[in-house]
Amino acid sequence: MTKKQRWLVSASAAFSLCFGIMPAAFAMHIMEGYLPVGYCVLWGVVSLPFLIWGFISIKKTVEENRRSITLLAMAGAFIFVISSLKIPSVTGSCSHMTGTGLGALLFGPAAVSVLGIIVLIFQAILLAHGGLTTLGANTFSMAIAGPFVSYGIYLLCNRMKVNRKVTVFLACAVGDLFTYCVTAVELALAYPSENGGVAASVIKFLGVFAPTQLPLAIIEGLLSVVIVIALENYASPEMKSIGFLQGAEGGR
């Protein structure tokens, strides 16, 4: 076996370990059958208007600029890959980055809701990560609530003339953390604590996710900054075509 062949075998083995071996633990995506039927329907209904808005937003973006399709596909792929890598927690749960903040900065939070639900469907079917019955709840927390917070921080920092790299870091890191806060609330509403009710349950679920999610949010923020720098250097025309560079001039 040549050196190149050994490298290919090692790379494929590493890839298989990353994507083929999933820890059998309670993951951040709310798993199949965990929520009562009423809550599954409720979160699905709440998410529906955002999905319609997102579809219209993507359709408009693509019609106005065909070159945006490449970056749109990249944003979707980034969400899929980064949110599929689950990190075991000492509390017995699993956490992962979301990747939705970067897409929100590039295309707006509405568009990310559509990218997010597509990713969640594939993860539920192919990776047993999340579930179809809990799709509405997972969509709202990861593909709606987090991206909207990321985009809000992005706009606020731009208005305050904050450095662009700092802006991207804060938007993506805080959006990631907010996703987990919303997930904790969703779980607490469905399963309030006998002593302390929903509030006590929220604290419990936040405590389960916190040990791994805090460092993961920082990593996601840094990784998003690196990707934005790479896009500015190697895909500047595409970034300008979607208005990202012009929209962040004050944050440089």
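## Starting at I82

I82 sits in helix 3. With a relative accessibility of 4%, I82 counts as buried, since the cut-off for buried is under 20% relative accessible area. This is a predicted model, and in it the C-alpha atom of I82 lies 8.8 Å from that of E220, although 138 residues separate the two along the chain.

## The overall layout

Stepping back, the protein has 10 helices and two strands. Read from the N terminus, the order is α-α-α-β-β-α-α-α-α-α-α-α. The chain has 252 residues, and 48% of them count as buried.

## What holds the middle

Which residues touch the most other members of the largest nonpolar core? They are L105, L106, F107, L231 and F244, out of a core of 39 residues. Several helices give two or more residues to this core: helix 2 (37-64), helix 3 (68-84), helix 4 (100-107), helix 5, helix 6 (135-159), helix 7 (164-190) and helix 8. Helix 5 makes the largest contribution, with seven residues.

Helix 5 is 18 residues long and runs 25 Å from first C-alpha to last, close to the 26 Å expected at 1.5 Å a residue. Of those 18 residues, 13 are buried, so helix 5 is largely enclosed by the rest of the structure.

I118, which belongs to helix 5 (residues 109-126), has 43% relative accessibility and so counts as partly exposed. I118 is also one of the members of a nonpolar surface patch, together with I121, F122, I125, L126 and L132. Taken together, the patch has about 580 Å² of accessible area.

After helix 5 comes A128, with a positive phi near 55 degrees. A128 is part of the loop between helix 5 and helix 6, and at 64% relative accessibility it counts as exposed.

The end C-alpha atoms of helix 6 are 35 Å apart; its 25 residues should span 36 Å at 1.5 Å a residue, so the two values agree. Helix 6 does have a kink of about 25 degrees, centred on S141. Is helix 6 largely enclosed or exposed? It is largely enclosed by the rest of the structure, because 18 of its 25 residues are buried.

Just after helix 6 there is another positive phi, this time at K161, with a value of about 60 degrees. K161 is not a glycine, and it is found in the loop that links helix 6 and helix 7. Its relative accessible area is 59%, so K161 is exposed.

## Helix 8, bent at A210

Helix 8 covers residues 197-234, and its 38 residues should span 56 Å at 1.5 Å a residue. The end C-alpha atoms are 52 Å apart, which agrees with that figure. Still, helix 8 bends by about 60 degrees at A210. Which residue follows within four residues of the bend? It is a proline, P211.

## Two salt bridges

How many salt bridges does the count come to? The total is two.

An α-helix has 3.6 residues a turn, so residues three or four places apart point the same way. E63 is exposed, because its relative accessibility is 55%, while K59 is partly exposed at 45%.

The other joins the side chains of R164 and E232, at 2.4 Å from N to O. Here R164 lies in helix 7 and E232 in helix 8, so the pair ties together parts that are 68 residues apart in sequence. R164 is buried, with a relative accessible area of 6%.

Technical notes:
Residues numbered from 1 in each chain as written. Predicted model: local features only at pLDDT ≥ 70, side-chain atom pairs only at ≥ 80, totals over all residues. Heavy atoms only, no water. Expected span 1.5 Å × (residues − 1). Bend = angle between axes of the 7 residues up to and from the residue. Patch = residues over 30% accessible without salt bridge, like charges linked within 9 Å, V, L, I, M, F, W, Y side chains within 5 Å. Areas by Shrake-Rupley, 256 points an atom, 1.4 Å probe, with all protein chains shown as cover. Salt bridge = Lys/Arg side-chain N within 4 Å of Asp/Glu carboxyl O. Buried < 20%, exposed > 50% of the residue type's maximum accessible area, 1.4 Å probe, protein only. Core = buried A, V, L, I, M, F, W, Y, C linked by side-chain atoms within 4.5 Å.
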